[in-house]
Amino acid sequence: MKQIIKIFLFISLITLNGCIKDENSPVINYELDKTTKILHYFESQGDFANSELAPGLISANQLFSSQSEYIIIDIRSADEFINGHIQNSINIPIDKLYETVDSLYSINRSKKIVIVSKNGQSSAYFVCLLRLAGFENTFSLKYGMAYWNINFAEDWLQYLKDEEDINNTNENYPMLPLSPLPQINFPSSLQTDKELAVFRIKQIIKQGFISGVNFEIQYDFLLNPNYIKICYGQERLYIMPPLQEGRGHAVGTIWYRDIPTFDFRSIKNLQTLPADSKIIIYSADGHLSACMSAYLTVLGYNVKTLLFGANQLFYTRMRSDPQLSDDTLKPEERNNYPYVNGN
């Protein structure tokens with residue numbers, strides 16, 4: 001019996017030091033490293049990235065039908081904005097995004113804000129960061145301007161394809177062993193969980209959308225053993241159903257679940273991500289993986305998201321699968337909503 005008690009106490013100590021509870025935890029009376037403090041802050045505030053709310057999308061149809069309810073922030077380049085944008089939207093450079101949203105919230109916290117980008121990938125990334133900072137009424141326009149009007153769709157359309165050169169498999173690869181969280185350096189003046197989190201979020205926003213990986217340009221990442229490759233989503237995205245032709249994922253790809261498990265939670269499998277490795281994540285259409293790459297980047301991981309997700313890996317399979325079809329861009333459903341030119 002004494003031996004069993006010793007084992008139980010040993011396991012309890014490991015659990016205490018290795019994980020942070022996914023809930024509003026009681027007052028902590030032991031010193032946490034600063035990355036863990038940020039993680040604890042996110043989870044105490046609702047854990048947006050690991051919830052059904054992520055990645056905070058709004059469709060073009062929703063925005064068009066209730067446009068007056070939103071402040072529209074366009075984060076594309078000035079030239080792209082001048083060449084066509086949604087009426088009454090404002091063009092904000094990325095390095096001013098946090099301050100702009102913060103100012104708008106100080107005036108009216110209930111007003112909804114929608115972030116618009118070229119294809120919805122970078123806007124999903126920044127909305128995740130803003131949500132983690134506490135700006136709950138921020139949304140990302142799904143598929144970006146590419147779905148607002150057919151004149152902006154080419155950026156998406158060129159990546160709807162099936163990549164035939166990948167060595168695909170249905171093998172389920174195991175997650176890696178548990179490892180410590182990344183360590184981040186902060187100014188000594190920052191002490192509270194919120195101070196650390198907001199400082200880090202501002203820092204990542206000002207770096208811009210550097211987490212995107214274009215499959216065309218960096219094809220080798222699916223073959224390179226130096227990258228940890230992750231499929232994030234439902235099982236159908238990872239493994240082909242038995243009666244369908246084809247295979248589910250590139251060799252070596254590890255599956256992490258979103259709903260309902262949320263494998264990137266600290267009480268789940270977050271710490272199976274190695275802190276010192278390059279990580280590539282893809283989701284169905286890239287919006288969710290962009291959000292998760294934002295979340296993990298704040299925590300110090302070296303993460304990139306595959307732009308457009310599985311739409312440019314096995315588009316035909318996704319399009320024909322009822323469980324995946326909603327996450328495919330459908331050219332015939334593109335909108336032709338009005339836009340204006342100039343500043």
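The model is predicted, so local features need pLDDT of at least 70 and side-chain atom pairs count only at pLDDT 80 or more, while totals for chains, interfaces and linings use all residues. Residues are numbered from 1 along each chain as its sequence is written, and side-chain values use heavy atoms, with hydrogens and water left out.

The protein chain has 12 helices and 12 strands; these are DSSP runs numbered from the N terminus, with helices (H or I) of at least four residues and strands (E) of at least two. Of the 343 residues in the protein chain, 52% are buried, where buried means under 20% relative accessible area, exposed means over 50%, and partly exposed lies in between (1.4 Å probe, protein chains only). The accessible surface of the protein chain comes to about 16,300 Å², as given by the Shrake-Rupley method with a 1.4 Å probe, and for residues only the protein chains shown count as cover. Carbon and sulfur atoms hold 52% of that surface. Among contacts (heavy atoms within 4.5 Å) with a separation of 6 or more, 75% join residues 24 or more positions apart.

The interior comes next. In soluble globular proteins, nonpolar side chains tend to be buried together. A nonpolar core is here a set of buried Ala, Val, Leu, Ile, Met, Phe, Trp, Tyr and Cys residues joined through side-chain atoms within 4.5 Å. The largest such core has 75 residues, and Phe 42, Phe 264 and Tyr 295 touch the most other members. Leaving aside residues up to four places away in sequence, Tyr 295 touches Leu 39, Phe 42, Asp 47, Ala 49, Asn 50, Cys 128, Leu 132, Phe 264 and Leu 270. A second, separate core holds 14 residues, including Ile 58, Leu 141, Met 145 and Phe 152.

Four of its five residues are buried, so E4 is largely enclosed by the rest of the structure. Two strands count as paired if DSSP finds at least two bridges between them. Strand E2 (residues 70–74) pairs with E4 in the parallel sense over five bridges, and Asp 74 stands opposite Val 116 in E4. E4 also pairs with strand E5 (residues 138–141), again in the parallel sense, over three bridges, with Ile 113 opposite Thr 138 in E5. From E4 the chain crosses through helix H6 (residues 121–132) to E5, and this β-α-β crossover is right-handed; that is, with the strands pointing away from the viewer, the path from the first strand over the helix to the second runs clockwise.

Charged side chains provide further links. Side chains of opposite charge can pair when their charged atoms come close. The structure holds eight salt bridges, each a side-chain nitrogen of Lys or Arg within 4 Å of a carboxyl oxygen of Asp or Glu. Arg 265 sits in the loop between strand E10 (254–256) and strand E11 (278–282), and Asp 47 in the loop between helix H2 (34–44) and strand E1 (57–58), 218 residues apart. Both Arg 265 and Asp 47 are buried. Another salt bridge joins Glu 99 and Lys 206 (3.8 Å, N to O). Glu 99 lies in helix H5 (residues 97–107) and Lys 206 in helix H9 (residues 193–207), so this pair ties together parts 107 residues apart in sequence. Glu 99 is partly exposed at 33% relative accessibility, and Lys 206 is partly exposed at 47%.

Some backbone details complete the picture. The peptide bond from Ala 54 to Pro 55 is cis, with omega near 5 degrees, and Pro 55 is in the loop between H2 and E1. The loop between E10 and E11 contains Pro 260, and the peptide bond from Ile 259 to Pro 260 is cis, with omega near 0 degrees. Phe 262 is found in the loop between E10 and E11 and has a positive phi near 55 degrees, in a residue other than glycine. At 6% relative accessibility, Phe 262 counts as buried.
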